Amino acid sequence: MAEASSSTAEAVVVIRGLEKSYGSVRALRSLSLELAPGPTGLLGPNGAGKTTLIKLLLGLLRPDAGHATIAGCDPTTASGRLALRRSVGYMPENECSIPGLTGLEIVSTLGQLTGLTRADSLSRAHEVLDYVGIDEARYRLADEWSAGMKQRLKLAQALVHDPGLLLLDEPTSGLDPKGRRHMLDLIHDLGHVQHKSLLLCSHLLPDIERTCRDVVVLKEGAVALAGGIAELTRTDGIRVRVEVGGDRARFEQALAASGYACTPEVNGRIAIRLDGRASDADELFALAADSGASLRSIEEVRSSLEQVFVAGVANEERT
Amino acid sequence: MARTNTEVYRPFRGTLGARTLGFLALARAGIAAATKRKLPLVILFGPPAIATVIFSFVVYARFALEAGVTPSPLGGPSPASMIAVGFAKQMIQVREEIFMFHLAMSLFTLLVIAWFGAGLIADDRRLGAHLLYFARPLSRSGYLAAKFLTVLFFGGIAVVAPGLVICIVATFASPDFAFLRDEGSLIPRTILFGTLWAGVWGSVMLAISSLFLRKTLALVASFAFFMITTAISVVLANLQQDDRFLMLSLQMNMQRIAGWMLDGPSMRMHWDVRWSFAVVLGITAAAWAILFARVRRLEASA
């Protein structure tokens, strides 16, 4: 589970008081965070510091203050940087390719740069290209590939050395719906079936919701919200939707008199917040009976991640 | 979710090594990428190859003709002394052939280095290859070493290989390998000069490449650098009637060094060769300073 400023023994990423400024702009403000193994989404509006955080984790930037370890390595030292880049696979957001090489050669060359032998890198390149679904096109110059294939190539190169931790920056960027589904399937497979740790940076909340177990929301360089997606969205589980038969108006009045906040919905349903009350619905059934109404159905309402994100970023009370 | 039998993730069962010479893979990839397009190879390496054949033939012919000299029946110097003097002349002429080869081919070899060096960093930046490299255990020095080796490879083929071929022909054409015995030092000097030439121009070319996003712009800039410095130095030398102004041109300094290393004729270049070395060293140091600064930024922008 992603947690801000709490201790987790097996955390793959530990960040303590990380700060980074570009001139007068503070990209990260004393950021503290721990990421447990597993798929984690990194959310935040533009300028929240997501890309800066990834660059700091890879050792491409030096922090102004604070400390981070990733996969047990310190990215601020040369030896730590080299070691962590063997343990981490990075899929950049921007389009990238090595000029003049085929897809197979690109993946194989990058495998060798990471420490694979020539023979291993070649066989491994074939395996990961198979995995991401690039067939004969692997023998063509990658410069000529479509955007979707280039995106899959970026994932393949991140996987060539079989890293335990993957940093994926906007992996579905520029993909058509079919390509996006395929990419999300691959990421889900990596996170939930292959049990790789992922840090998925995306603006697309459904992508995170579909592929990640935990989420970290950054706002103005600090953690606005962090935790398991199931727990975060369940915080609105105390909101229920009931389908009412009988005297609906009296039931609503009875709810209001009892201090429940309720919102009428279509098809005769009512959304009711159970803030601070028992999550069982006995009291609702009693109120309905007293007001001459009947409850035909009752269901828990889960907020979407988008609601959680908006609440976290805007610091507003969720309704 | 994986759907077909090929789309199954296979964990890697081997081991990842800490490869200190990992940058060689990048150099190999650079050479492989550059050699995929055959037409530039033919066009760029054609003239040096033809020149190598011609110069080699001339060297061979000189020794062959000298070996066929017969003593005059009317007396004069002894045949042995005639042959010895003749061979001594040939040795000097072979030295000059190699020197002249470098002069004659300097523009072509420069073209080779410019063509293969101009895109090495510019194209990486344009296509975002640096994003992939610097997420790997590849240091900035390793990246630069790989790029430098790539340009050195092509420069070496254009400059070092022809000189070596001519020396080898001279060795086998001279009787009892006399060339090897009398002028053997010319072989390492040829290699050294060729490497120096390719290294210096390769460094300049990479520095120019790091300043641009497109290979074509880097090519134009490199020719501008060559033409402008050479033109200014020649004009000033002629106007001021002072050949030391030729030192403003990297090309002229390399020619001065070539003359010194290969015992070639001075050709208007009478200044102390140490000045030329100082200028070449200064320009190369500046090129590497630019390279390190630009690659540092490149890594941070990854």
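In this predicted model, helix 3 of chain A and helix 5 of chain A run roughly parallel to each other, because their axes cross at roughly 30° and angles under 35 degrees count as roughly parallel.

**Two helices side by side in chain A**

- Helix 3 covers residues 103–114 and helix 5 covers residues 147–159, and the axes of these chain A helices come within 9 Å.
- The crossing of helix 3 and helix 5 of chain A is right-handed.
- On the helix 3 side, the contact is made by A:G103, A:I106, A:V107 and A:L110, while helix 5 brings A:L153, A:A156 and A:Q157.
- Sorted by class, the residues of this contact between helix 3 and helix 5 of chain A are five nonpolar and two polar, with no charged ones.
- As a handy background idea, an α-helix has 3.6 residues a turn, so residues three or four places apart point the same way.

**A glutamate in chain A**

- A:E231 sits in helix 8 of chain A, which runs over residues 229–234.
- Is A:E231 buried or exposed? A:E231 is exposed, because it has 12 other C-beta atoms within 10 Å, and 12 or fewer counts as exposed.
- A:E231 and A:A293 are 62 residues apart in sequence, and their C-alpha atoms are 33 Å apart in space.

**Helix 8 of chain B**

- Helix 8 of chain B has 26 residues (215–240), so at 1.5 Å a residue it should span 38 Å; its end C-alpha atoms are 37 Å apart, which agrees.
- Its buried residues are B:K215, B:A218, B:L219, B:S222 and B:S233.
- Just after helix 8 of chain B comes B:Q241, which takes a positive phi of about 55°.

**Helix 10 of chain B**

- The buried residues of helix 10 of chain B are B:S276, B:V280, B:A287, B:L291, B:V295, B:L298 and B:E299.

**Where the two chains meet**

- How many residues of chain B are in contact with chain A? There are 38 residues of chain B, in contact with 38 residues of chain A.
- Helix 1 (23–34), helix 3 (79–127), helix 4 (129–133) and helix 10 of chain B each supply at least two residues of the side that touches chain A.
- Helix 1 of chain B gives the largest share of that side, six residues.
- The side of chain B that touches chain A has 25 nonpolar, six polar and seven charged residues.

Note on methods: Residues are numbered from 1 along each chain as its sequence is written. Chains are lettered from A and ligands numbered from 1 in the order in which they are written. This is a predicted model: local features need pLDDT of at least 70, side-chain atom pairs count only at pLDDT 80 or more; totals for chains, interfaces and linings use all residues. A residue is buried if 20 or more other C-beta atoms lie within 10 Å of its own, exposed if 12 or fewer, and partly exposed in between; C-beta atoms are placed from the backbone. Helices (H or I, at least four residues) and strands (E, at least two) are DSSP runs, numbered from the N terminus. Axes are lines fitted to C-alpha atoms, for helices over the stretch in contact, and angles run from 0 to 180 degrees between N-to-C directions. Angles under 35 degrees count as roughly parallel, over 145 as roughly antiparallel, 65 to 115 as roughly perpendicular and the rest as oblique. A crossing is left-handed if the near helix is turned anticlockwise from the far one by less than a right angle, and right-handed if clockwise. Two residues are in contact if their C-beta atoms, placed from the backbone, lie within 7 Å. Ala, Val, Leu, Ile, Met, Phe, Trp, Tyr, Cys and Pro count as nonpolar, Asp, Glu, Lys and Arg as charged, and the others, Gly among them, as polar. The expected span of a helix is 1.5 Å times one less than its number of residues.
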